[in-house]
Amino acid sequence: MDLGLYLDVTISVYLKCPNPLKISYLKNIMTPSRKLWKLLFVSTPVGALGTGLGGGVELTLYNVAQQMLHRGHKLQIVAPVGSIWKDIPIIQIPGNLQTIAQSQKRADGIVMADNSTLANMWDYVREIECDYNLIVNFAYDWLPFYLTPFFKKPIAHLVSMSSLSNAIDEVIEKVGKNFPHALGFHSSYQAETFSGSIQPLHILSNGIDIALYDFCPQPKKQLAWIGRISPEKGLEDAVALSRKMNIPLKIMGKLQDKYYWQKICRDYPHAPVEYLGFLSTKEMQKIVRECSALLMTHRWVEAFGNVAIEALACGVPIVSYRRGGPKEIVQDGKTGFLVTPDSITDLVDAVSRLGEINRYQCRQQAEMEFSLEALGNRFEKWFETILALEIKI
Ligand code: HBI
């Protein structure tokens, strides 16, 4: 029995007529006080927060920041100029943005623009680090990993993508070797794409504000596909299925590679697909919730798959290639289906079996595993492990 539950029971018995307000007051004064920290979050340098340029890590940073503030910790974010979040303090750093890592080749060297935002951010962090207990890096860039031993304060690194380049692999593995506990991943499949020697593994999964998603028990005969429209996401397979089964496909996400999209349109002129653009969470969930399933047809090892937990929160089952992060999200046969990677035949078979899935179980899994509370607990536990060492990680 965890301490919280133990206290609830004890207080209820003590009060005889349990009064929720009294319970929570007594629980607070009876729970041993948690240590409160001063946290410095350093954002991705590929775009200002709030523009969507930072992709999934932007949402993760926002959710974790909110959770840490909600738990009483002090927090400051350092991010590129133009980053504005209404209720979170952000120090904006000027300079030239970093190229997205996905656009580079595995053997490419490190790219640093002149007057680099990334370098300017970490210059600033060096100036203020002593005011904080822990620095948390959210960038998938060589520099912050390389700088780890040069800082007085411990740096925790959230690794936001799977292995993409030799140079970044090398520096991540070096941090993993010299600073146990410093690396956090979204999934163990993602962690395995780096060297197997990284131990201990901190798997943080991810989380969303479940309250933003409305459950839909009765879907329309349509499917959803959400993601950056770019070759590594394998949209063409979802369009091929839509054509083969003649089921409408609603496509949402940032149009990153227009040539790739134009080729899909040329190859499948009669597929019943509709591209709806990059939508806000509110708009996106209005569409997704009415779909029979979300298709995940990615070619690369997705680190996690935020769109999967967003769909589950709406009660929408996932039909995904058995590859990367979604393998750790989808309960095969219960909240969706995992199929042989790159097999459109298997995708079709899984879509034909969607009637076997109970949509309430999809919502329930999101509430249990991917809520903001669950995300905050996992990050707080990781930070506690690092800080409990009381030595540099
Ligand atoms: N590329 N260079 C670089 N640095 C990042 O932090 C970065 C990126 N590409 C994508 C990205 N971060 C985020 O969208 C992750 O959530 C994938």
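How many bridges join strand β11 to strand β12, and in which direction do the two strands run? Three bridges link them, and the strands run parallel. This is a predicted model. It holds an open sheet of seven strands, an open sheet of six strands, and a ligand surrounded by 17 residues.

**Ligand site**

- The closest of the 17 surrounding residues are Thr44, Gly54, Val57, Ala101 and Asp141.
- By class, the shell contains eight nonpolar, eight polar and one charged residues.
- At Val57, a polar backbone atom is 2.8 Å from an oxygen atom of the ligand.
- At Ala101, a backbone N or O atom lies 2.9 Å from a ligand nitrogen atom.
- Gln102 uses its side chain: an N or O atom there is 2.9 Å from a nitrogen atom of the ligand.
- The ligand taken alone exposes 390 Å², and the protein buries 91% of that.

**Seven-stranded sheet**

- The strand order is β3-β2-β1-β4-β5-β6-β7, and the pairing is parallel.
- β3 (90-93) and β7 (202-203) each have a single partner strand, so one side of each lacks a neighbour in the sheet.
- Strand β1 (residues 38-42) and strand β2 (residues 74-80) run parallel and are joined by five bridges.
- Val42 has Val78 of β2 as its bridge partner.
- Helix α15 (residues 372-388) packs on this sheet. The helix touches β1, β4 (134-137), β5 (155-158), β6 (183-185) and β7. Its direction makes about 145° with that of β5.

**Six-stranded sheet**

- The order here is β10-β9-β8-β11-β12-β13, again with parallel pairing.
- β10 (273-275) and β13 (336-339) are the edge strands, and each pairs on one side only.
- From one strand to the next, the twist averages 20°.
- The β11 to β12 pairing covers residues 293-296 and residues 318-321.
- Within this pairing, Leu294 stands opposite Ile318 in β12.

- Helix α11 (residues 306-313) lies across β8 (223-226), β11 and β12. It runs at about 170° to β11.
- Helix α13 (residues 344-352) lies across β8, β11, β12 and β13. Its angle to β12 is about 165°.

Conventions:
Residues are numbered from 1 along each chain as its sequence is written. This is a predicted model: local features need pLDDT of at least 70, side-chain atom pairs count only at pLDDT 80 or more; totals for chains, interfaces and linings use all residues. Side-chain values use heavy atoms; hydrogens and water are left out. A residue is near a molecule or strand if one of its heavy atoms lies within 4 Å of it. A polar contact is a pair of N or O atoms within 3.5 Å; within protein, one must be able to donate a hydrogen and the other to accept it, and residues adjacent in sequence count only if both atoms are side-chain atoms. Accessible areas come from the Shrake-Rupley method with a 1.4 Å probe; for residues, only the protein chains shown count as cover. Ala, Val, Leu, Ile, Met, Phe, Trp, Tyr, Cys and Pro count as nonpolar, Asp, Glu, Lys and Arg as charged, and the others, Gly among them, as polar. Two strands pair if DSSP finds at least two bridges between them. Helices (H or I, at least four residues) and strands (E, at least two) are DSSP runs, numbered from the N terminus. Contact means heavy atoms within 4.5 Å. Axes are lines fitted to C-alpha atoms, for helices over the stretch in contact, and angles run from 0 to 180 degrees between N-to-C directions.
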